[in-house]
Structures are given as structure tokens and as C-alpha cells.
Amino acid sequence: MTRLGLMASAFRRHRLRLLLTAMSIVVAFLLFSYLVAIRKAFQMGVDVAGADRMMVRHSVSIIQSLPTSYEAEIERVPGVVDATPLSWFGGIYQDPKNFIAQFPVKPEEYLAMYPEFRLSPEQKAAWLRTRTGAIVGRTIADKYHWKIGDRIPIQATVWRPKGGGATWEFELVGIYDGAEKETDTTQFLFRQDFFEENKQFGQGRIGWYAIRIKDPARAAEVAKAIDQQFVNSPAATKTETEGAMAQSFADQVGNIGAIVTAILGAVFFIILVVVGNTMAQGVRERTQEIGVLKAVGFTNGEVLALVLGESMLLAGVAGGFGLAVGWLLVSQGDPTNGFLPIFFFPPEDLVLGIALVLGLGLFSGLLPALQAMRLRTVDALRRG
Amino acid sequence: MMQPVSSLSRSAGTAGLAEADASSTLARLRGVEKQFRRGAEAVQVLRGLDLDLRRGEFLALMGPSGSGKSTLLNLLAGLDRPSAGSVEVAGQRIDQLSAGALARWRARHVGLIFQFYNLLPVLSAAKNVELPLLLAPLSRAQRKAQVATAMALVELEHRAKHLPRQLSGGEQQRVGIARAIVTDPTLILADEPTGDLDRKTGDGILDLMQALNAEHGKTIVMVTHDPHAAARATRILHMVDGQLSTEMDA
Amino acid sequence: MLRWLSQIGTLTIFNLKTLPQRPGSVAASLVGMAGVVAVLVGVLSIQQGFTRTMAVTGSPDTAFVLRGGADGEMMSILTRDDARLIAEAPGIARGAGDPLVSPELFVVIGQPKKTTGTDANVPLRGVVPAAFGVHEKVKIVEGRPFVWGRNEVIVGRAAQGQFRGLSVGSTLHLGQNLWQVVGAFTAEGGLPESEIWADAAVLQPAYRRGTTYQSVKVKLASAGSFKQFKDALTANPQLDVKVLRETEFYAGQSRGMTTLIVSLGVIIGVLMGLGAVFGALITMYTAVATRTREIATLRALGFGSSPVVLSVIGESLAIAALGGVLGAVGAWIAFDGFQTATMNWQSFSQVAFAFRVGPPLLALGVLYALALGLVGGLLPAIRAARLPVANALRE
């Protein structure tokens, strides 16, 4: 037997109560796993925002269009490396419930602007060759079982094509993968020149510009310079960093982050009370045994460490198990069936989870451990 | 024959409080007083008690309940401190040690035997015996060896893996004794060791304790109210009004 | 029968009297139950509040007309001719002689939110005079209505609450145009309260929309006239439209949000419920264990084993009920009426709503707690009943 063995032996008492306590810890950390994944899903855009990327949109709202002529003018502003246009196509694939983000873009420029989108050179060449070509992210391709060479019809809602009807037909020439886990692989990208040529109205106008700047530290300066350029035009602009834009978008969805954190706090508090109670009861029941340990020669400090060690062992094993199972379940994918674009266990929250496990072990055992430490040996023995 | 756990020499016990050869005195209590608070009152349990404990003695402390015998035992064990006076064991003033040091001292020098055995119910017999050894800087193998020796001495090797609830009262007390001797302590203190056992089983325990004293030279102080048990000792003292005397109160 | 019931009653009361002896585990159970119920009610109140806003907005006797295939107003375009043709359809109510037909323009503008200071989208709706007849619930509560032909707007109360710079008397700078905020309106808590309204005729040139609108809202003669109205429009070869009742439209809009919240709420609720069951089991097993001797004595005295079982369950239910009520009331105090806003995916703009903790939700919370208490008490109750009486008495 070792000191650790002595700690573990305490668990042989009241196996059922121990099991139930352990299970509630497991459940708490399962919940933790889901909640942090949900929180991350809602934070998505903010974290992947490129530090050197900014967005230039119409000052009134992103819904308003900007002239295509702005591209060259923006690129002339000092500090700007490149500008590329994007628009919101807003079409429907088969059913309005199938939400797909579609953007007409300039292929070369766009891929250079977003290097985290990985496309093989052959597929990129194919896209440049094919006017009606489109590429999609891996997630969407998998979801709808699309393969290279498929013809994808998209129903337009606003952007009717010339020649009547509402259907735009694209040829799938490539599937891109994301460099990171958080990279958005749900985009449907097709060619701006095809869009410009084929739409019934709105020629010479696009949605907004994505730009790359040389020095992220000077983002505010560059933004000001760009907006100043167009301040007196019919379409004034507002330039902000990609991160700021994503954050304001996330804020519009709602303060999900705060809600999740509040729930996590409540859960942690509850589990602390439950486990703390179990530990306290254990100590109360073992008064006499603790007296024996002290009589035999264990110091007060050693008894404290023993009880604390038990609670840490319980929290560690059960909490660790809960996190592990949580990780497994979360990696099964989005439980809302498609509403959340990304769904995974953020590694940084794993650190948080481990910290919570340790905190649980420490705080649930602290008071009972202090109580055990302070027991007078003589009284404790007599209570047997 | 049983293996000796130590190489201590035997010594003949002597009776009485008379002055004896200093080097053979194991414990010395002088002017020891102990008070307890019961509610608002202070109760004086020990009143200026003196005691010389000789090495190799088997001392029986007798007295009615509430007379303070257990209190005295607790003082000798370093489980409690006197309100006044000095307690010296093996040359060490244990009444002056800090709580932590006292715990350490106890681990090394004292073996305790209780009336209700006080075994940890979740540990097997062998693990219960091993408990005090966890406080010593011994390797796993060394601990195992000492446990085996102790278990053999109390003749319970075949029950080593059993839990306390699977053992009879007598067997449990044997485990208690094995635990008390496994560290080869300076002093063994027993509080009513046969109090919960029937006559026959109790006799077996007393035989064991006598053997520990006579054959292995262990110094034992036993508190008991049973004259039959006390008769096994080499010296008997009575607790009367918080002091020790060789005679019982008439 | 009566004796059996009175046995249960006596035993349950006896059990409950022992609760103060176990403050720790009872507290743990109460905290667990209250927490579960509070969180569940809190999360679902978001969905309830959101749906209510949507539901209040819709009336079954108002019809929406959008472009065929359009999913929402943003994606829809209808011309002035379309509006004229729609106005000629049967089944439309009339107000002061004219058909109550409201063609509407829908754009979105960015305004800083009060809470974050960053921009969020507010709907700006261009309307014609008939709009006020069609949207009966809209009432001006501050200032005055805008004058037709002027750059003036009225702002919904909820929008005012969420955004900066929308109070009566302030000026909105939209691109190169200035708009005066001349009044505020309410709409019984419905969606229009999150919007800003202006004259469509002034908005169209400002946004270069020519003479197009995005939707046409129509007040029907009665809820029953819908079919007649719809059939006439779909049969017309000059029109390519989608016709819905207003209630259907908003139900569709809130479906995404509802699904999301309910599915997340269920996951959270189930996991927390599971945890609460474990907590309850711990409490009840402890309860039974500490009272082994009393239970055995009662059985020896002649109390039947089923009253014992039921009294233990009764005790568990009592604790669960108390915890559930505490949690529900706590949630009600904390959440009910809490104003917030979220993204309406169809209009890409903010829709303001309030968390809503109504009686059905409170009842759901307490019932859930009771269910958990039942499960948590069942197994310990059975154990209590199966105690070997003789052994227990000897302990």
C-alpha cells in the first residue's frame, strides 16, 4: 500500500454514494464540453479573422452595394496591398432550409487574400478555365455529397439571370479545405466575371471589398484614409478589420458567450455543493478512523493532505473521464443538425476544463479536510 | 519459536515506586496534573501524579471508571498534554513537543492497542498493520517484510487479506496488536484490550501480550478494570483520586 | 385504504421532520434541483420570448405577398404594376373606400447598439398611407407621425431601446441623406417595434429603387378570404408571387431560432437533469442509510413496506418540489422581461424581444423537478423497503 493507496481506499466505503457523486461529476463535465463547443461555434468568425485583412462596406449598411470602380481607388491608398470584391448572392439550393453562403469572387485574388483556403493547383487552374466554374468548402461538399464535375443549380432570389427563369447553373471544379479547424469550409464561390455578365441588373456594382493591408498595426490609419477617400461620394464607405466586423456580427446574434458562461458558472457551483457535501459526509463518518491515523502518528498536515487528496482523486478521475467522453461526443458533430457552422471542442477550453477539475477537487475537499485536520485525536477515538 | 523483532534484552520487572537504576527507566512523569472542562466546570482528573516506568515492565493500571487511567495512558502516548508537570519518555520531554513533532514521535516510539480495535474497515488486515509503516522511510519490500513478521507473531498470516468485518473480535484485536508492534516501538500502550472479548479469547490476547513482554522484552502499560487481566502484569498500580498507589482503596 | 394512506402520511411527515438532521445533503439536493430548473427555464424563456414577439406580430387576416421563390423580404422584388394587380384581387378589406393594400420597401441600416457600441442592423421600412390601416397594432406613442414627402421617420419603441441615436428629435445620417426622428410607436410588442418607418416614396429614390417595393401586405376581408385571395394571385399569369398568411410567415422566420434554442435547451436540460437525479439519489440513499434503525423499528411495529416506500418517495418529491419552485421563481425573477435582441436571419437585422417566463414554463420547470425527484427517490425507497428488519434493529 502507498499513501495513494490509502487515499483510494477511502472510496471503498459507500461505493454507491461514491459512484453517484462520480457520475454527477462526469455529467457536469459532459455539459461543459457541449457548452464550450456551442460558445465557440457562435464565436467562429472572430477567431479566424486575419489580422491584416479588413472589410470595406457601404457606410449605411453592408446590404448596400458599392461601385466596382472603387477597387482600383482603394488599392491606391497607401498601406493597402490588394483589394478584392465580394457580393452576397443569396440563392437557394433545392430547399430554402439548405443554407449555403454563396459569393461571386475573383478567383486568383480571393485565394491570395484567404490563404487559409487550400485548393489544389489543378483545381485552381480548372476554375480559371471554366467561366461557370464554382468551388465549395469540404463541409458543404460532404453535406450534399457533391463531387468534382457535378452540375449544381442554384435558384436566384434577387439576382435573376439574363435570359429568364431563376436558375444559375454552375459546374463544381474544386473543393477547398481549411488550414485550421476553425477555418470556414462552408463557402460556395463562383466567378465574378460570370456574375457581372449574367445578372439582369446591378452592373458595375458589388457588395463589399475584402482588402489586405501591409501593416496590421496601422489598420486604423488605413481605414480612415480609405473612408476619407469616399466620404463625399454617393456611396460612402466604412472600413473595419475583419475581426471587428465578425465581432459586431456575433454581437448581433446575441451575447451567447455570456449566457454560456453563466450556465457554466451555475453548473460548477452546483457540482461543487454536491461533491463538497459528499466529502464532508465522508469525513464525518470517518471521525474515528481519522483519530486512529493521528494516533498512529500521521500529522495534522498529513491528514489534511489525505482528505484533500481523496477529493482531488475523485474529481480528477471522474472529471477527466467526463472531459474525455465529452470530447468524443462533441467530435460526433453538430447536434442541431446544420445550424452551427462549426462544432468542435476548442483546445484552449480543454485547459479551462482541467483547471475546473482541479478547482473542484480542491474546493470540495478543503473544508472537510480542514475539519479532519482539526479533530482532536482523543475525542475522535472516543467517538468510535 | 517466534522470531524476536528486536534485540532488546529481557529485564526482570521490579515492583513499586522505589528509586531504580536511571538507565533502565523508560518513562518519567513528575507532578502531572490534568484538567478537563465539562460544561462550565473544570474537573481535575490527575492531581500531581508521579510515575517511573521501567524498561521491560508490564505495568497494569487499574481503577474505577472515570478515575483517569485512560487519561494517563493518553499522556504517555503523546495523544494529550498535561495541564502541569512533565512527561519524559526515553529521555524526551514529550510535553514540550509541537503537535507535528509529537505525531512523528508517536509514529516511531509508541504502539497503541484499543478496546474496540479501531481498525480501518476498508483495509485488509495486512494493510491495517502496514499503516504505521507508511510514516517510516522504508521501501515497499521492507514494509512487506515487517508486516509479515508482525502477522506471524500474532499467528494471523492466513487471515492477512481479510477485511475486519470478516474477522472475529479476537482476530481483530490480534491485528491491532500486530499494528502496534510492527514499527518496533519503544512503548506499547493498551487501553482495556480485552474489554470487548469473552474470557477465553481474552486470555489468548493476554498470553500474546505476556509473551511480547517476557520473550521480546517489550515495555507494556495496560489499562484494565479486570483483576484477572491485571494479574498477568509484572506490576500493578491503582488510580485513586487522580494519583497512583500500590493499594486499592479499601 | 384510508389506513394505508394515513400510514403513508404519517411516515412522510416523520421523514420530513428528520430533514434538519441532514442539512448538508438536503441543501445539496435543493441547490441541484433549483439550479437545473432555473437554467432550463432560463434557456427556454429565450425561445418563448422570441416566439411571442413573432406571434404577436402576425394576424391570420393579414396576407403577405412576396416574389415567387423569395424566402424573405430582403430577397424579394415587386414592381408598382405588381402592387396594382395585387390590389385588384378579391377578398381584400377596404378602409375608407380604398383597398387596404400596403406595398413596402425594406432596407437595413447600421446603427450603434447601446450595449456594445458597435454597429448592428436595424430594419428601415418604407410605407404608404395604407400601411397604418393594414398594421392595425401600430400606434404612435410619442411625437407625431411623419409628414408624407419629407425626410422624416418614426421609430419603434424596441428599436429605441436597443440602439443609440434613435430618440425623438435626433437626426439619422444615412449616406448623403439626413432623416429626422419625429415620433415613436409601439405595436403590442410585435416585430414592427424593432423597425424604423419612413415614407416609401422618399426612401425609394434615396436607395435608388426606382418604383419597386419588396413586399405587399394586405388586410383581408376576413381570415377566411385568404384562399380566395391567394388563388386569384397564383392564377394570374402576369404575377410571379408567393402568398402567405402573416402568421405563417413569422412562424417560418422564427423556426430556425426556435429549433436552435430548443435543441440546445434539451441537451442542457437533459444533462443537468441527469446530474440532479444523481444528486437526489445521493441524498435519498443517505437518508435511508442514516435511518435504518428507525425504518426497521417502524416495520417491526407494523407499518407495511409499501407505505415505507411511498413515504421515502414522498420525501424525495417534497425536496424536489421545493427545489423546483425555488428554481422556477428564481428564474422568473432573474429572467422574465429581460430585454435583449438577436439576429433575424431572414431580414439580417436585429429583432428585439424580452425573455419570457410564463406560467406554462414555470409549470414545466416544477414538473421536471418532480419527475427528477421521483426517479431519485425510487431506488432508495425500494432499498428501504427491503431492509432485513432483524439485522437493522441490531445495528
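Of the two pairs of chains in contact, chains A and C share the most contacts; here, residues are in contact if their C-beta atoms, placed from the backbone, lie within 7 Å. Chains B and C do not touch, and their nearest C-alpha atoms are 14 Å apart. This is a predicted model, in which local features need pLDDT of at least 70, side-chain atom pairs count only at pLDDT 80 or more, and totals for chains, interfaces and linings use all residues. Residues are numbered from 1 along each chain as its sequence is written, while chains are lettered from A and ligands numbered from 1 in the order in which they are written.

**Where chain A meets chain C**

- Chain A brings 44 residues to this contact and chain C brings 48 residues.
- On the chain A side, α2 (15-48), α9 (242-253) and α10 are the elements that give two or more residues; helices (H or I, at least four residues) and strands (E, at least two) are DSSP runs, numbered from the N terminus.
- The largest share of that side comes from α2(A), with twelve residues.
- By class, the side of chain A that touches chain C divides into 27 nonpolar, 15 polar and two charged residues. Ala, Val, Leu, Ile, Met, Phe, Trp, Tyr, Cys and Pro count as nonpolar, Asp, Glu, Lys and Arg as charged, and the others, Gly among them, as polar.

- The contact of α10(A) with α8(C) has six nonpolar, four polar and no charged residues.

**Where chain A meets chain B**

- This contact takes 22 residues from chain A and 21 residues from chain B.
- Four elements of chain A, namely α1 (3-9), α11 (287-296), α12 (300-330) and α14 (377-382), each supply at least two residues of the side that touches chain B.
- α11(A) gives the largest share of that side, six residues.
- The side of chain A that touches chain B has nine nonpolar, eight polar and five charged residues.

**A covered helix in chain B**

- Helix α1 of chain B (residues 69-77) is mostly covered, with nine of its nine residues buried (buried means that 20 or more other C-beta atoms lie within 10 Å of a residue's own, exposed 12 or fewer, and partly exposed in between, with C-beta atoms placed from the backbone).
- Among the buried residues of α1(B) are B:Lys69, B:Ser70 and B:Thr71.
- After α1(B) comes B:Gly78, with a positive phi near 75°.

**Two domains in chain C**

- The domain assignment of chain C gives domain 1 (2-56 + 253-394) and domain 2 (69-239), with bounds that come from an automatic or database domain assignment.
- The C-alpha centres of these two domains of chain C lie 47 Å apart.
- Their contact takes twelve residues from domain 1 and 19 residues from domain 2.
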